[in-house]
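Here's a walk through one protein chain, from the overall picture down to single residues. Have the viewer open and follow along.

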Amino acid sequence: MKTLQASFVCLLIVLSTLVSCGPSERKKKDDQPRRIEMLFLGHALEHHNSRVYMPILASALTQSGINITYTEEVEDLNPENLALYDGVIIYANHENRFPEQEKALLDYVAAGHAFLPIHCASFCFNESEEYVDLVGGQFKTHGTDTFTAKIVDKSHPIMQNFEEFSTWDETYVHDKLANDITVLMERVEGEHHEPWTWVKQFGKGKVFYTAYGHDERTWSKPGFQNLIKEGILWAVDDQVKKNWAEFSKDIPTLEYKEMANIPNYEKRDPAPKYQLPLTPNESAKLIQVPSGFKLELFASEPNIINPIAMNWDEKGRLWVIETVDYPNTVRDDKGSGDDRIKICEDTDGDGKADKFTVFAENLNIPTSFTFVNGGILVSHAPYFLFLKDTDGDDKADVKEVVMDGWGVFDTHAGPSNLQRGIDNNIYGVVGYSGFKGNISGENFDFGQGIYRFNSNFGNFEFLTNTSNNTWGLGITEDNSIFASTANNTHSVFMGIPNKNLKDVKGISLKGSSKIDGHYAMLPITQNIRQVDVFGGFTAAAGHHFYTARTYPEKYWNKYAFVCEPTGGVVHIAKIEKHGAGYLEKDGGNLMASSDEWVSPVEAKVGPDGAVWVLDWYNFIIQHNPTPNIDRGGYDAVNGLGNAYENPLRDKSKGRIWRIVPKDASDYPKLTLDREDSKGLLKALYNDNMFWRMTAQRLLVENGNTNVVQELIKLVSNTKVDALGLNPGALHALWTLDGLGVVSSNSEAMEVVKTAVKHPSAAVRKAAIQILPKSDSLDALLLEANVLVDNDPGVQLAALIYFSEREPKEEVGQQLFELSRNEQVLADDWLAKALCAAGSKHHKGFISAFQSANPNFEMGSTEKNQRQAVGLDDSQWKTMLLPQFIEDAGLQMDGIVWFRRNLNLPSDVAAKSGTISLGPIDDSDKVYVNGELVGATEKDYQANRVYRIPSGILKEGKNSLAVRVEDTGGGGGIWGKKEKMFLKTGQYSVSLAGDWKYRSGIGLLQKCQKRFCG
């Protein structure tokens, strides 16, 4: 009995210890088959272009079961992050000291991990003696040559499966060589034998170094790739290598065969071949997810085919659109097709769907849907359809057309991404197929952009136009709106609805802006096939944010997921606040594959907090342009959906994946009941935005005002979380608004008024947006100082509010005072909104302006002669031409002036000539020595070639000035270098290169010019 009692006590102690331990303390034993995980530290420089060379290496090693995660942030060398990886590769020129990160790296390697400094990494942290000792030596000087480094230690394990290779590279000479390195290879030059590749032990860890690697001529060599692979396999921990060896046993070998109908837009030699498809399990072996995560299959063919959109109901069940009709089976009867919407359920809790119910069928290219009014609204050009099950059998028995007029010219340019907004409206995007029709008695005609309407399918508003075909929409937890477009603009922020800019002269009618901070995506296969924007985003889809708390904190409300099916990746767009707007940075990939069939088309957070990914799984993902002999390699036929016909388009496969943290606890299954008000109120502060939005929708649809008092309590809660959010208060506010009680219930009105001073900026912004507009509430907002709120997003909401109000002297005066704030003037969104609001309240603005500038003569303006020969442009910035101004980092629409000086010889002076600049987007005026020689209005394609009359050109310095006006989308002098020249007689000089530039008159100056003469 005593023994039994003692055993029981010991068991309780063990159990209590396990319960009290955090996830890091209960770290699972690392003994399962898996890939090797390497962190690659590069830099944001074109010299030693790590951003270009890393994907070459990653593509080569992924087939061997080695993952490479890329970063350019030295700060990622911290203990918490390093713990996710088996080793670190450095290829960068981080020459300054980073003591904290250096120590973390040294400790990490000494603890038993792998370190692979490559080439220029031998000069990183170059004043750190400890780092130099870790590497085993330091770069000193170099020349260049084509050579073959010689193996000097053939017995070493790294050299067993390695063969010497010849390449052009820099001929590094090293200094400060450590006495404990083992040299494996030497570069021999005459009598000099330079250590070239070496290894060493560092504590319990291993270091591998090679001086190879200046540029792609070496990185693309199979010999170099194999050298790095063997270095990794030698340097990683023995248990890691054992796990890898077990995982690698059944990595599939990709098989190819010659096939017709494979476009070759890139004009590759040899031309692309047809990769045979893989089973889901085989394909999973070739998919990379971030270290610390795992990939799980939820469903696949034959149960799921060609999935294009997904969502979950209040029971947590997954609904999926399948479209085998896409892209070219466009039915003449406008609706009856072979596409379906399925409900997929996991009934036995094993993480895989085992029950599939067809909710609706005989559809024709549906593209998205959202839950509303007890059913779903489906984008199904030319219609929006409302489908509903009224008898509980999970099959739609109501089918109503609620909108008609969506374009069907191009099936990948129609409406998509329907989703519920925090403000209770339904949001969506559309591509260039656009819309032309009547909604609720009002005619609309618009192209690509973002729109919204209410849950009764009325009060339709086209919010903003976008720059090109649009298939992505994202809403943050604090209710900011984003989109993605297919071509070279994979992240867009919508700051101001177009309606607020409509009557404001001097600024463009565009309430959104391109914010993506990089061009390239990072695939892990070199066999990507694209029609244009080669290496970048040409089919970007989706922009959903991570809005749960299952992933690490860095993901929360900051990482958006943009699919690029042509590259087989789900890109992480790191969205950072920038004043009232945002900037995007490259966060790498959430998912990437070397299986050429993998084609992610949607990635979004599910009820479990994991990110779910729809994999179209198709070898042919491109839509148009239709290939021809010159562009694509063969003549194809254009189909009814404006996609080229191709028999290789697969109609039999599709996969749904979940990306789950390895240490995530089991997800407690949750179901909401629309009749359970208490449960719905509790879900309003769930840590997953999916459940909050679902609960808000059900509460609003129920229309039960008995919950108002509880909602008021939630709004009154002034706590904020680590992100400065109070989700319960935010969703309670919008639920009150959705129930229509703010104006009719005095307590509800009071709590919304009070919320303009809530500690959470998102709540303050919501209160401004919800408050009904009236004189008394105008005064309330002014008294609350919302125009000078410490959060620019709240300021922006306040300016938008006042841009919709009737003119008031006091408001105009406060707006003028705001216009004197340099931070506001420097913020593009605040300046634009201030101009819009100031335009509405211009009398007060002018009055305040006159008081502050008593000597200003109304109606006078100083003419700014930026084409003048003697203009001092020394403070202007420099831009390399030709290129779009947006690609150069100038995110604006409007006027940009370009200037440069040109020295001409005496024999061309006074002669006539020609100036050619190629295409300019959109309008231009071209001046030579202050004289206008040509102009073109609103033609972004025409080559600008203008005659220079005799007598204008002169010997020596000549001044060229170009006034460019961009009205939206891409802008600038964007053509080819060879199209930019000045020619007179036989003399010709290129104009491509650096030009000075300055953007035109600023927004506030434009407003002041308009208001004040």
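What pLDDT does the protein chain average, and what share of the residues score at least 70? The average is 92, and 95% of the residues reach at least 70; pLDDT is the predictor's confidence in each residue, from 0 to 100. This is a predicted model, so to speak of local features we need pLDDT of at least 70, side-chain atom pairs count only at pLDDT 80 or more, and totals for chains, interfaces and linings use all residues. Residues are numbered from 1 along each chain as its sequence is written, and side-chain values use heavy atoms, with hydrogens and water left out.

Where pLDDT is low, the predicted coordinates should not be read in detail.

Zoom out to the whole chain. The protein chain holds 23 helices and 50 strands; these are DSSP runs numbered from the N terminus, with helices being H or I of at least four residues and strands being E of at least two. Its radius of gyration is 31 Å, close to the 31 Å that the globule rule gives for 1013 residues, so the chain is as compact as a globular protein of that length. That radius is taken over C-alpha atoms, and the rule is 2.2 Å times the number of residues to the power 0.38. Along the principal axes, the C-alpha trace spans about 105 × 85 × 60 Å.

How much of the chain is tucked away? Of the 1013 residues, 58% count as buried, meaning under 20% relative accessible area, while exposed is over 50% and partly exposed falls in between (1.4 Å probe, protein chains only). The accessible surface comes to about 42000 Å², and carbon and sulfur atoms account for 48% of that; the areas come from the Shrake-Rupley method with a 1.4 Å probe, and for residues only the protein chains shown count as cover. Among contacts between residues at least 6 apart in sequence, 67% join residues at least 24 apart.

On charges, the chain carries 105 positive and 134 negative side chains, and the centres of the two sets lie 2 Å apart. Lys and Arg count as positive and Asp and Glu as negative, with His and the chain ends not counted; each charge is placed at NZ of Lys, CZ of Arg, CG of Asp or CD of Glu.

Leu377 is in strand S20, and at 0% relative accessibility it counts as buried. Leaving aside neighbours within four places in sequence, its contacts include Phe369, Phe384, Phe386, Phe453 and Phe457. Another cis bond runs from Glu301 to Pro302, with omega near 10°; Pro302 is in the loop between strands S14 (293-300) and S15 (307-312).

His48 has a positive phi of about 55° although it is not a glycine. His48 lies in the loop between strand S1 (36-41) and helix H2 (50-62) and counts as buried at 4% relative accessibility. Tyr617, also not a glycine, has a positive phi of about 40°; its loop runs between strand S38 (611-615) and strand S39 (655-661), and Tyr617 is buried at 0% relative accessibility.

Next comes Arg944, in strand S45 (residues 943-948). Is Arg944 buried or exposed? Arg944 counts as buried, at 1% relative accessibility. Beyond four places in sequence, its contacts include Asp922, Asp924 and Asp939, along with Ile915 and Thr936.

Ile768, in helix H16 (residues 761-770), is buried at 1% relative accessibility, and its contacts beyond four places in sequence include Leu781, Val786 and Tyr801. Gln823 lies in helix H20 (residues 822-826) and counts as exposed at 68% relative accessibility.

Terms used
Contact means heavy atoms within 4.5 Å.
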